[in-house]
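Biologist: Could you walk me through this protein model, one step at a time? I am new to reading structures.

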Amino acid sequence: MLDPKRPRGRSGKSGEGRARPQTRIQKEKQDLILEAALDVFSLHGFRGATIDQIAESAGMSKPNLLYYFRRKEDIYKQLIAGMLDVWLAPLRHMNSDGDPLPEIRSYIRRKLEMSRDFPRQSRLFANEVLQGAPRVVDMLEGDLKALVDEKAKIITGWMEQGKLRRADPYHLIFAIWATTQHYADFDVQVRAVLGEGRGGESRFAEAATFLEELFLHGLKPDA
């Protein structure tokens, strides 16, 4: 589950001393709000969601919710930040010292596991990007870009060593994102097309087998 960073104190001002550590109850309340907000935002999007809806989903009063988060934007940004951290974890695990094809196979599988286990988070992020990412563009241009640059450099190195067929490493990463996250973002469509016989949990294992063959066959260096 997400583990987003703790928000600033109620004043939101700097220079007022260190914020007091959260109590266990405060942390539980904050996590409850974020979990409820994930449901509301993933269903209605940022614009369609309201503080009242989030408070109702969390089972608390609006004033109580506003004690922890002053604005809808504060909830959303913390939710997205925690989600992006979790979402990038599979790419961070790509090891430059590993064997390239198994490393890419593991990345594909981890991305599919994320789509299986965190579909709401995937759809929330996709909706934000489709709107132009106005509230998270700094994260995309910062942490996300830095990580992709780092891993693209590793993939390029493998290609220069003759361990992988040459290809654009950025578009390779984009293609893995597109094909794996499809199973979360378009889950209803996937299950409808596959039908009852193939629309269960086995669809992720089948997708992994297919995508591994697709990508790894295309990346194998010429003999």
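Modeller: Here are some questions and answers about the helices and a pocket of this predicted model.

Biologist: How many helices and how many strands does the protein chain have?

Modeller: Let's start with the order of the elements. From the N terminus on, they run α-α-α-α-α-α-α-α-α-α-α. The count for the protein chain is zero strands and 11 helices.

Biologist: Are α1 and α4 roughly parallel or roughly perpendicular to each other?

Modeller: Helix α1 covers residues 24–48, and its axis lies 10 Å from that of α4. The two pack at an angle of about 100°. Angles from 65 to 115 degrees count as roughly perpendicular. α1 and α4 are therefore roughly perpendicular.

Biologist: How do the residues of the contact of α1 with α4 divide into nonpolar, polar and charged?

Modeller: On the α1 side, the residues include I33, L34, F41 and R47. On the α4 side, K72, E73, Y76 and L79 are among them. The contact divides into nine nonpolar, two polar and three charged residues.

Biologist: Is the crossing of α4 and α7 left-handed or right-handed?

Modeller: Helix α4 spans residues 72–87 and helix α7 spans residues 119–130; their axes come within 10 Å and cross at roughly 115°. That makes α4 roughly perpendicular to α7. As for its hand, the crossing of α4 and α7 is left-handed.

Biologist: Which residues in α7 meet α4?

Modeller: From α4 come Y76, L79, I80, M83, L84 and W87. The residues of this contact divide into eight nonpolar, two polar and one charged. The partners in α7 are Q121, S122, L124, F125 and E128.

Biologist: Which helix gives the most to the lining of the second largest pocket?

Modeller: This pocket has a volume of about 400 Å³. Of its 19 lining residues, the closest to the centre are F125, A126, V129, Q181 and D185. At least two lining residues each come from α4, α6 (100–117), α7 and α9 (169–185). With six residues, the helix that gives the most is α7.

Biologist: How many residues of that lining are nonpolar?

Modeller: Let's sort the lining of the second largest pocket by residue class. Three of its residues are polar and three are charged. The number of nonpolar residues is 13.

Note on methods:
Residues numbered from 1 in each chain as written. Predicted model: local features only at pLDDT ≥ 70, side-chain atom pairs only at ≥ 80, totals over all residues. Heavy atoms only, no water. Axes fitted to C-alpha atoms, helices over the stretch in contact; angles between N-to-C directions. Helix = DSSP H or I, 4+ residues; strand = E, 2+ residues; numbered from the N terminus. Parallel < 35°, antiparallel > 145°, perpendicular 65-115°, else oblique. Left-handed = near helix turned anticlockwise from the far one by under 90°. Contact = heavy atoms within 4.5 Å. Nonpolar A, V, L, I, M, F, W, Y, C, P; charged D, E, K, R; others polar. 1 Å grid on protein atoms, 1.4 Å probe; cavity = no way out; pocket = protein on both sides within 12 Å on 5 of 7 lines; lining within 4 Å. Points joined across faces, edges and corners; volume = space filled by probe spheres on them.
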